[in-house]
Amino acid sequence: MSAGDANREALSKPFKAVAAAVLFAASVLALGLMLIPGIAWRHPAVDQVYAGFDPNLIYTDPTGQGSVAGTIEVSPRSLQMVAVRQSMPTATLVTTPLQRFTASMDVVVSGRGAGSFRVGIMSATAGAGAFLAFGGAPGYPVEVVTVQRAGVRQTLIGGELQVRARLGSYAPGRPYHVEFVVDKVAGVIAAASADQHIRLTTAEIPDLLRSVRLSLNASVLPVMDPVSAGITNYALTLPHDWSGPNKVGDYRTRALVLVGLVLGGLALASQAYRVRWAPIAYLGDILRWVRRTIRRLPWKTLAIVVLLVGGLVLVNVASFGLGNHPYDMLAEKIWGYTAAQYGPDQLYYRPGTVSMATITAGSPYHDASFAYEPTLAYVFLAAGWIGRWFGSITVNGSALEYVIKTINLLFILADGALIYSILRVFRLSPRTSLLGAALFVLNPIVWFSASVWGTTQVISAFFLFAAILAAEREQPTLAWLALALGALTRPQMLVASLVLAIVFGGRFSLRRSAVGIALAAVIVFLFLTPFSVKIAPSLPSDFMLHVLGFVTTTNDTSVSAQAASIWPLATLVLAHQHGLARMIFPAATQLGGGVSYGTAGLLLLASAVAIAIGRMLSRGVSTAAAYLPALAFAMMALVMFQTGITATHFVLVLAVLVLCMKVFGRLLYATAIGVLTITTFVMMVGSVEVALLYGHYESFPIHPGHSVLARALLQLSVNDLALTVGVLLNLAVLIALLLACLFPLRGSGRVRPWPG
């Protein structure tokens with residue numbers, strides 16, 4: 001060794017020690033900030049204040065419950081409504097499940113006659129509301145009016161009307177300041193005017209204050225002469241809500257986040273210098289491997305691949321215009337617009353106040369709350385940015401829909417490449433590996449969920465595949481990083497992440513796992529910078545705690561969002577429900593002993609995951625045969641036991657099953673995938689068709705009024721016999737996966753292994 005080499009070696013030792021110390025400190029701080037719940041820190045009194053109007057984020061209907069259209073004009077500073085005879089212009093400014101919020105505004109009403117402008121808090125589900133009613137001549141009174149058991153849920157027309165108090169009078173054409181304060185925790189709705197205020201309690205309006213979602217609605221009721229009503233100086237204030245993202249207002253936390261970001265940057269820089277940019281070199285190795293693999297493929301096989309990929313792209317792109325699931329797609333467009341317009345952190349606040357009345361003929365039953373974690377927040381941010389490149393984006397246009405579905409298509413192609421790579425690592429032949437990839441990317445449920453329905457399970461599957469491939473290629477840092485990013489896509493990925501975390505911990509040495517976890521933690525912490533700075537570094541853990549609390553307490557979902565889980569069978573037997581009612585049965589209903597359907601589902605899921613992990617630990621995790629059956633069983637248990645699950649989540653089970661080609665043998669492999677495909681496809685199409693019937697979607701080619709196949713699948717999905725058979729078939733797959741997990745097949749004569 002030369003003197004120069006010796007000096008460099010001597011200098012590198014202290015550098016390595018310092019780099020390791022910085023990495024250790026950065027990872028410990030990052031993990032602490034991300035895992036300590038936000039409830040441990042100080043919080044601001046107010047989380048968000050939104051001033052003015054965004055036409056994309058409020059619902060307006062110039063006709064309302066009338067027969068003639070009035071006019072509604074929305075600008076950032078004002079909302080103007082003009083009602084003519086037989087019109088009833090309506091605007092829903094807020095729909096939210098939040099426990100507390102405040103809305104203030106200046107109201108200007110002008111016109112003659114006995115017309116009435118009404119603004120207030122309502123619940124479409126309960127048919128109840130509390131309004132400030134601005135009457136007409138001669139007195140122009142401002143009265144507090146409550147409505148109970150209304151029949152028309154868009155603006156609560158009819159029902160039991162009661163005048164609670166008169167707050168004063170207004171002068172036509174002059175602004176009148178009003179404010180609503182909602183506090184469901186305290187059981188109070190306060191309505192205040194320039195003259196006085198009144199408090200309504202749960203005892204007076206029980207149905208309203210006990211509703212999960214409340215809306216702020218403004219409307220002009222039927223008039224003989226034109227009436228104009230305007231709202232200016234509008235502001236929506238969201239006080240801190242413990243059930244939300246737990247925004248931090250503690251300067252100590254901000255300081256720790258800043259220190260963590262600096263240490264994280266230094267740790268990554270030092271590690272990159274120490275290993276001479278090994279991750280980039282690894283990416284180069286991947287590209288060279290891809291080029292080498294393509295060159296080795298026979299020209300006939302390569303031609304088949306090119307044709308399949310080309311056909312896949314054409315079929316999926318052609319499917320973009322067939323239709324969508326109105327609720328999910330509208331929500332996704334709202335998320336893309338919000339992230340691009342206001343920042344990704346606002347996804348955890350603004351959509352939770354946006355009404356989805358468009359999909360339910362104007363009745364504000366739903367909000368657009370963002371129910372995912374930061375990885376998907378970045379995906380929708382990218383969708384919004386890309387949509388902007390093609391011009392202005394609106395939530396009512398199709399540009400964002402096509403962008404989102406295109407992103408899904410790109411991830412489908414990436415999923416296929418990863419599946420092929422994994423199966424090749426499992427020493428399956430190129431053709432067999434291509435078959436496994438084709439079973440996923442060409443599967444009808446993958447096509448329908450991504451390119452018609454428009455959901456993003458294929459993105460979560462990408463990170464699942466990436467984590468498994470990195471682990472099989474002995475890349476612990478990439479494996480842990482992909483696993484973490486996958487866990488930060490949607491709550492349902494927590495099960496897969498837990499199982500694979502145990503696998504990775506057992507497969508890699510303690511030192512390699514520690515370094516991999518440390519680097520992954522630092523990268524994820526830097527990845528979460530916009531959320532850590534503007535909300536809280538504990539957002540991921542707070543989000544999961546919120547989801548758990550929702551499932552075990554509030555849980556206003558149904559037992560099954562039209563998926564063939566066990567619950568439609570349970571409601572048939574225990575609650576004597578039939579058809580669609582078997583699936584939309586409330587998950588909060590008690591089974592007995594104080595246990596609801598939702599809680600029972602969590603207990604069953606926890607038991608299944610415990611069985612999978614226990615069996616996996618007893619066998620070891622050194623090979624795919626040791627952990628893939630456990631992972632497949634755990635994911636199937638997730639979609640079968642969790643309440644409120646949609647049929648699209650079965651795509652995550654399919655993602656694991658296609659990797660089990662060498663583990664299961666042909667019979668179980670083909671049967672499980674075939675059953676899952678048939679039952680899920682029927683329920684997926686049926687779910688979309690039911691949603692299309694609730695709105696004006698006759699222009700969609702897949703509307704049941706146009707498509708005989710869609711109409712047949714809709715009828716099949718709600719038929720008692722067909723639904724029961726579908727559930728039993730899925731249960732049979734679950735039991736088969738349990739047996740494969742407990743008693744792995746070891747090449748006995750009962751199975752024919754796939755060619756290697």
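Student: Which residues of helix α23 are buried, and what makes them count as buried?
Tutor: In this predicted model, they are Ala710, Leu713, Leu714 and Ser717. Buried means under 20% relative accessible area. These four residues of α23, which covers residues 708-718, are classed as buried, so each is under that cut-off.

Student: How do you know that the buried residues line one face of α23?
Tutor: Look down the helix axis. The buried residues fall within an arc of 105°, so they share one face. An α-helix has 3.6 residues a turn, so residues three or four places apart point the same way.

Student: What does the face turned away from the buried side carry?
Tutor: That face of α23 carries Val708 and Gln715, both exposed. Exposed means over 50% relative accessible area.

Student: Which helices do the buried residues of α23 pack against?
Tutor: They pack against α22 (666-693) and α24 (720-742).

Student: How do you know that the chain agrees with a compact globule?
Tutor: Compare two values. With 756 residues, a compact globule would have a radius of gyration near 27 Å; the chain has 28 Å, so the two agree.

Student: How much of the chain is buried?
Tutor: Buried residues make up 54% of the 756 residues.

How values were computed:
Residues numbered from 1 in each chain as written. Predicted model: local features only at pLDDT ≥ 70, side-chain atom pairs only at ≥ 80, totals over all residues. Heavy atoms only, no water. Buried < 20%, exposed > 50% of the residue type's maximum accessible area, 1.4 Å probe, protein only. Helix = DSSP H or I, 4+ residues; strand = E, 2+ residues; numbered from the N terminus. Arc of directions from axis to C-beta. Contact = heavy atoms within 4.5 Å. Rg over C-alpha atoms; globule rule 2.2 N^0.38 Å.
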